[in-house]
Amino acid sequence: QGVNIYKILLICVVGSFAGVVVEMLWAFARYGLIESRRGLVYGPFNLLYGAGAVFLTLALYRYRNRGRPWSFLGGFVVGSALEYACSWGQELLLGSRSWDYSAMPLNLNGRICFTYSVFWGLLGILWIKDLYPRMKIPNKVGRPLTWALTAFMVFNIIVSCVTVYRWAQRQEGVPAESGFWEVVDERFPNARMERIFANMTFGA
């Protein structure tokens with residue numbers, strides 16, 4: 001019931017998966033293409049959407065009984081702020097960007113734009129008014145499942161950060177400095193990374 005650590009962790013995993021599915025369907029409907037929208041190396045997960053679901057829950061739950069405009073405004077602000085922070089953080093830490101809205105109207109540094117901020121607002125309404133109240137999983141099943149999925153996601157995040165960091169180094173012509181990085185290069189060559197992160201670009 002309510003908000004607890006198990007629900008938050010499970011929401012992060014489910015949101016990471018659902019966001020990829022929705023974005024792939026949106027891209028197919030808009031461009032007629034099916035391309036990877038993943039943000040992690042293993043499985044159809046994108047942590048941006050998982051974090052978005054978590055922050056939407058934490059920000060909107062206490063106002064869940066208020067009108068839809070409050071849910072829309074909360075989703076609009078929280079989603080936009082998170083998307084901007086994730087884009088900035090990725091570029092700062094990994095030297096790459098997974099999306100660029102520079103060609104979209106009313107964008108801010110290419111990191112967020114009005115159109116997708118509106119989507120975040122609509123998602124805020126859908127999430128807190130309809131989807132979240134339906135999340136009811138018995139503790140006997142939910143707790144071990146949640147911890148298992150969380151352990152997998154932590155491992156997935158670590159591997160993803162390591163491989164993207166090394167991919168960025170290869171773009172700059174930096175050779176592998178140890179046997180560990182040689183294994184990374186062998187297991188995650190550029191061709192594989194390009195398939196996984198189809199929209200990722202690196203700074204000049």
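This is a predicted model: local features need pLDDT of at least 70, side-chain atom pairs count only at pLDDT 80 or more; totals for chains, interfaces and linings use all residues.

Biologist: OK. Is S96 buried or exposed?

Modeller: S96 is buried, at a relative accessible area of 1%. The cut-offs are under 20% for buried, over 50% for exposed and partly exposed in between, with a 1.4 Å probe and protein chains only.

Biologist: And what is S96 in contact with?

Modeller: Leaving aside neighbours within four places in sequence, S96 is in contact with Q90, E91, V164, M200, T201 and F202. Contact means heavy atoms within 4.5 Å.

Biologist: How far is S96 from R30?

Modeller: Their C-alpha atoms are separated by 25 Å, and the two residues are 66 apart along the chain.

Biologist: Switching to helices. How do α1 and α5 cross?

Modeller: The axes of α1 (residues 5-31) and α5 (residues 139-171) come within 9 Å and cross at roughly 55°. That makes α1 oblique to α5. Axes are lines fitted to C-alpha atoms, for helices over the stretch in contact, and angles run from 0 to 180 degrees between N-to-C directions. Under 35 degrees counts as roughly parallel, over 145 as roughly antiparallel, 65 to 115 as roughly perpendicular, and the rest as oblique.

Biologist: Which residues make that contact?

Modeller: On α1 they are Y6, L9, L10, V13 and S16, and on α5 they are R143, T146, W147, L149, T150 and M153. By class, the contact has 7 nonpolar, 3 polar and 1 charged residues. Ala, Val, Leu, Ile, Met, Phe, Trp, Tyr, Cys and Pro count as nonpolar, Asp, Glu, Lys and Arg as charged, and the others, Gly among them, as polar.

Biologist: What about α5 and α6?

Modeller: The axes of α5 and α6 (residues 179-187) come within 10 Å and cross at roughly 90°. That makes α5 roughly perpendicular to α6. V162, T163, Y165, R166 and R170 of α5 meet F180, W181, V184 and D185 of α6.

Biologist: Now α3 and α4: at what angle do they cross?

Modeller: At roughly 125°, with the axes coming within 7 Å. α3 and α4 are therefore oblique to each other. The contact has 9 nonpolar, 7 polar and 3 charged residues.

Biologist: How many residues are in the largest nonpolar core?

Modeller: There are 13, and those with the most contacts inside it are I11, V54, L56, W127, Y132 and M135. Such a core is a set of buried Ala, Val, Leu, Ile, Met, Phe, Trp, Tyr and Cys residues joined through side-chain atoms within 4.5 Å. The elements giving two or more residues to this core are α1, α2 (47-60) and α4 (114-131). Apart from it lies another core of 10 residues, among them V41, V164, W167 and F188.

Biologist: Which residues does M135 touch?

Modeller: K7, L10, I11 and W127, not counting residues up to four places away in sequence.

Biologist: And Y61, where is that?

Modeller: Y61 is in the loop between α2 and α3 (68-94). Y61 is partly exposed, with a relative accessible area of 22%. Beyond four places in sequence, Y61 touches G2, V3, L56, I128 and Y132.

Biologist: Last one: which phi value does L106 have?

Modeller: L106 has a positive phi of about 55° although it is not a glycine. L106 sits in the loop between β1 (96-97) and β2 (107-108), and is exposed, with a relative accessible area of 68%. N109, in the loop between β2 and β3 (112-113), also has a positive phi, near 55°.

Terms used. Residues are numbered from 1 along each chain as its sequence is written. Side-chain values use heavy atoms; hydrogens and water are left out. Helices (H or I, at least four residues) and strands (E, at least two) are DSSP runs, numbered from the N terminus.
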